[in-house]
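Hi,

Here is the structure I said I'd pass on. Have a look first, and my notes on it follow below.

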Amino acid sequence: MISFSPTEEQQMIVTMVKQFANDEMRKIYRECDESGEIPSRIIDTAWGLGLVSTSIPEEHGGLGGEHSAITGALIAEELAWGDLSMTMHILCPALVVYPVLEMGTEEQKKKYLPAFCGDKFKTATAALIEPRFGFDPYSLSTTATLKDGSYVLKGEKCYVPLAADADVLLVYAAEKGKSQGFIVEKGIKGLEIGEREKNMGIKALATYEVSLKGCNIPKENRLGGDKGCDFERIMDCSRVALSAMAVGVARAAYEYSRDYAKERVAFGEPIASRQAIAFMLAEMAIEVDASRLVNWEAAWKLDKKETATKEASLAKTYCDDMVLMVTDRAVQILGGHGYIREHPVELWLRNGRGFVTFDGMATV
Amino acid sequence: MIDFELTPEQKEAIAAAHKIAEEMLRPISRYYDEHEDESPKELIDKMWEGRREGGLMAGLDMAAALRTEEMFWGDAGLTLALPSPGLGGAAIFATGTPEQLQRFLGNYNEGGPKWGAMAMTETSCGSDTAAIQATAVLDGNEWVINGEKIFITSGKRAMEDSPGLVVVWATVDKSAGRAGMKSFVVPAGTPGAKVEKKEKKLGIRASDTVTIVFDNCRIPFENILGSPEVRKIDKTGTAGFKKAMATFDATRPFIAAQALGVGRAALDFVREALEKEGVKIRYGLPRNKLTALERDFMEMESNYKAAKLLTLRSFSLMSQMLPNSLEASMAKAKAGLAVTKITQKAVEIMGPLGYSRKLLLEKWMRDGKINDIFEGTGQINMLVVARRILDFSRDQLK
Ligand SMILES: Cc1cc2nc3c(=O)[nH]c(=O)nc-3n(C[C@H](O)[C@H](O)[C@H](O)COP(=O)(O)OP(=O)(O)OC[C@H]3O[C@@H](n4cnc5c(N)ncnc54)[C@H](O)[C@@H]3O)c2cc1C
């Protein structure tokens, strides 16, 4: 039956995450953006909330909680409202955990999942994007070739979050023209982590270029073994996660500029008393809500284990446009003050513009 | 639990309405667009026999939204012309007492086809509903109504073609401003209520839009809608006006659902036409790999989805009897704009075929536009949203 109300359990999680975002992330996000660093304290605190680990089955050391894309979207929105860089950092291990959980072989689950059940943040990541114009996840330049019983990985990746610290990387590569996932462990020969990237936004998130210069990995490390993985679904889960984050960033910008517009006086009245400003805000409010609902529908399809490519990619393009529109207007509503780094809106605009580029950098 | 699954009953409601839309509305859609002075009698009679589909009396729940969308997918003008208490019914629902509901609509289903209408707009005021000039004066135990109302949907069918009714908004005290605004039921045949000009319109031509002149029109005292409290006139109480606004909370989601129907008609048509030409929309590709056509289509489709979900949310709240003013205006603003953009783009995409009256696309563009105008223009709904999110009064945000 059509319903727009999260379950009680989901509401509890949302309340918890909201509080964390407000009390912890919002206190330091500017410092982090300027310094490019996130204190490990906050990452460990977030990890302690069990946002990723709870859905690992008991037999692999987890709590065996339900793994739901809708819950994931709710969490991602709240965290991203706090700060996008931190969100992508905190949720980064999910890039390995969830695909292994959903599509890995029993051996892969046994081997990799228990490490993510501890109290301490355990770094893992995925490498999808490639540094070239016209990047297309369905025709990757990075290749995986089976040779003498092991896979040889060759190619260049970029926007790989936390690559320098990751113990495990899930690398996506074209195998006979089809995109598949390969589990690569730290320190393997031919795996080179490049310099930390410098981007317009998400400056506190450490991302890297990664080169695979003929990395030899065991055949068993192909995600899902002989069956392989459902790459389409992996992309759709990523789209839903990123869309939810876009909603979170946009909501932050909308709320901030709304409150500002009520306070800021020009020509004897709060600027919000003018329709030029009030209508921008109304449209922002409508689009933030609409985007969230469109994305929920995609997440709901994923939870039903149905193909959600259409829904998820519509949600993603819609949210990509929405977050740019909303964050840009937030800067506009603050005027010159919006351009100054004392206010957060310029940061949200920089982060918001990234979503069209982000692909496979988060998952639900 | 967040859920988008239709219930079996909802699926049935959609299927039944779709069948009517496809088999009964589409085939005569063009004809009644081009012959606006003729009435689709056969359709009206058949639908009256069925009496379940279309119209506001069909409930305020999710199924009603879905049914409305399907019917408007078939044809907007014809569906608006179907016998129904219409906006008059909505006003009685929202502002009347249970006794009045029973008295005015209790035997609605008996006899021949009947229509209801609602008259708020006047020549000098549309959006600014609080500025209406029509008056109601108490004389003994009768109200005497004077004034001229324009743009009344189904006004002719309600007052001339059937024993229907019109709900009229008038002021009982001009100096009281909004506090003086009340609504009254004027049954068809009441002396002094006369249908005049029938408008010629851009679209929804099968639906009649008329002027009604009230010239010393006398109705019984009991025909003022609302509780005794509402009937009281004091300069501070704006209960009457608030009730008018409450009507909108129920009608705006319907207008949004109507918009969705017209928008989806255009979307479905373009998708099928493209498929016939061998063009398939490739979802999931990176943006810079998509053609401009695919990007346009995906934008139309996601806007439709966004509007639809906002609309269903406003219905979801309404059916749970929860406040929905904000959500109703959000849905109406979004859907009115979405249908406008979708249908206009569809005409563009199909080129000479889109513009031609051989196909229905150009008609849908003309029909769709009304949803961004009546029951509060796009701007007025943005104003409602803005006031709510800012927590501003009408004086703080004009
Ligand atoms: C086909 C049709 C059917 C209709 N059916 C009915 C009916 O059944 N009953 C009924 O009572 N009415 C009906 N109407 C009237 C309709 O509701 C009004 O036309 C509508 O509300 C707009 O009013 P207006 O035409 O006077 O425009 P105006 O109020 O003059 O508005 C003109 C423009 O100014 C904008 N505007 C006005 N005020 C503001 C503001 N404060 N801030 C920003 N912008 C503003 C409007 O958005 C619009 O763009 C119908 C109209 C049509 C065309």
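Predicted model: local features only at pLDDT ≥ 70, side-chain atom pairs only at ≥ 80, totals over all residues.

Chain A first: it has 11 helices and 9 strands, where helices (H or I, at least four residues) and strands (E, at least two) are DSSP runs numbered from the N terminus.

Residues are numbered from 1 along each chain as its sequence is written, chains are lettered from A and ligands numbered from 1 in the order in which they are written, and side-chain values use heavy atoms, with hydrogens and water left out.

Back to chain A. Its C-alpha atoms fill a box of roughly 80 × 45 × 40 Å along the principal axes. Taking contacts (heavy atoms within 4.5 Å) with a separation of 6 or more, 75% are between residues 24 or more positions apart. The chain exposes about 14,300 Å², with carbon and sulfur atoms supplying 51% of that; areas come from the Shrake-Rupley method with a 1.4 Å probe, and for residues only the protein chains shown count as cover.

Now the ligand, which lies between chains A and B. There are 22 residues around it, and Gln275(A), Thr121(B), Ser127(B), Phe151(B) and Thr377(B) come nearest; to be near, a residue needs a heavy atom within 4 Å. By class that shell has 12 nonpolar, 8 polar and 2 charged residues. Here Ala, Val, Leu, Ile, Met, Phe, Trp, Tyr, Cys and Pro count as nonpolar, Asp, Glu, Lys and Arg as charged, and the others, Gly among them, as polar. In chain B, strand E1 (116–119), strand E3 (142–153) and helix H14 (378–390) each supply at least two shell residues.

Three N/O distances may interest you:
- Thr377(B): an N or O atom in the side chain is 2.6 Å from a ligand oxygen.
- Phe151(B): a polar backbone atom is 2.7 Å from a ligand nitrogen.
- Met120(B): a backbone N or O atom is 2.8 Å from a ligand oxygen.

On its own the ligand exposes 970 Å², and the protein buries 69% of that.

Ala315(A) sits in helix H9 (residues 309–334) of chain A and is buried, at 0% relative accessibility. Beyond its neighbours within four places in sequence, Ala315(A) contacts Ser243(A), Val294(A), Asn295(A) and Ala298(A).

Two residues other than glycine have positive phi. Leu162(A), at about 55 degrees, is in the loop between strands E3 (150–161) and E4 (168–175) of chain A and counts as buried at 3% relative accessibility. Met321(B), near 60 degrees, is in the loop between helices H10 (292–319) and H11 (325–349) of chain B, and at 74% relative accessibility it counts as exposed.

Cheers

Conventions: Polar contact = N/O pair within 3.5 Å; in protein donor to acceptor, adjacent residues only side chain to side chain. Buried < 20%, exposed > 50% of the residue type's maximum accessible area, 1.4 Å probe, protein only.
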